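Try each task before reading its solution.

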Amino acid sequence: MNVRCAKIDDLPHIRDIYDHYVHHSSITFDLTTPPIDSFAQKFESSHVFLLAEQGGVILGYAYANEHRYKAAYQWATESTIYLHKDHLNKKIGGPLYLALLDLLQHLGYLMVLAGITRPNPSSERFHERLGFKKIFSYEDIGYKKGQWHSVDWYRKDLMPPAAQPTRPKRLESLDTEILESILGAHSTSN
């Protein structure tokens, strides 16, 4: 399995992965699958957007974007991961998400937040294994598939806050050797 930066050409495949969750689960609150231009906007505004692939097949993707759109929040980022429905429980998510977290730390982000719609015990365990801690819940915040759902928010600190923090860097500014080293370290020989 290869972990790499996503490209704009990957968006139709990414949209296909997401489509399954829109129509067959409540873990996303989208009621219809967004158009490809919506994915393009998310891709362009993301801090990091990665995918896992094997033999040219995209197995899943993970990305991080702004948590809130005000300058004082710039050291916090919000992460998302989705795996293709046929590749769940195949040890793809861990390496993919760890690569995302490592890159975010190298870029200077201090914390990562993740929202998990309940019930989703596998996602809760997954995030907890990676060091995320539950920090609060929005009870009965979203209505989908005939019932109300709550969202638990998890947080992982990547590094302690500095008295005078420097602005996080953009992925494009990261040294190519560092980027390739991080992605290579999380790619597997499966």
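**Exercise 1.** Is Ile141 buried, partly exposed or exposed?

*Solution.* First, the ground rules: this is a predicted model, where local features need pLDDT of at least 70, side-chain atom pairs count only at pLDDT 80 or more, and totals for chains, interfaces and linings use all residues. Residues are numbered from 1 along each chain as its sequence is written, and side-chain values use heavy atoms, leaving out hydrogens and water.

Next, take the cut-offs: buried is under 20% relative accessible area, exposed is over 50%, and partly exposed is in between (1.4 Å probe, protein chains only). Ile141 has a relative accessible area of 46%, so Ile141 is partly exposed. Ile141 sits in strand 6 (residues 133-144); strands are DSSP runs of E, at least two residues, and helices are runs of H or I, at least four, numbered from the N terminus.

**Exercise 2.** Work out whether Glu78 is buried or exposed, then find what Glu78 touches.

*Solution.* Start with the number: Glu78 has 19% relative accessibility, so Glu78 counts as buried. Then place Glu78 in strand 4 (residues 76-83). Finally, list the contacts (heavy atoms within 4.5 Å): leaving aside residues up to four places away in sequence, Glu78 touches Tyr63, Ala64, Asn65, Glu66, His67, Leu113 and Trp153.

**Exercise 3.** Which residues of helix 1 and helix 2 meet?

*Solution.* On the helix 1 side, look for Leu11, Pro12, Ile14, Arg15 and Tyr18. Their partners in helix 2 are Ile36, Phe39, Ala40 and Phe43.
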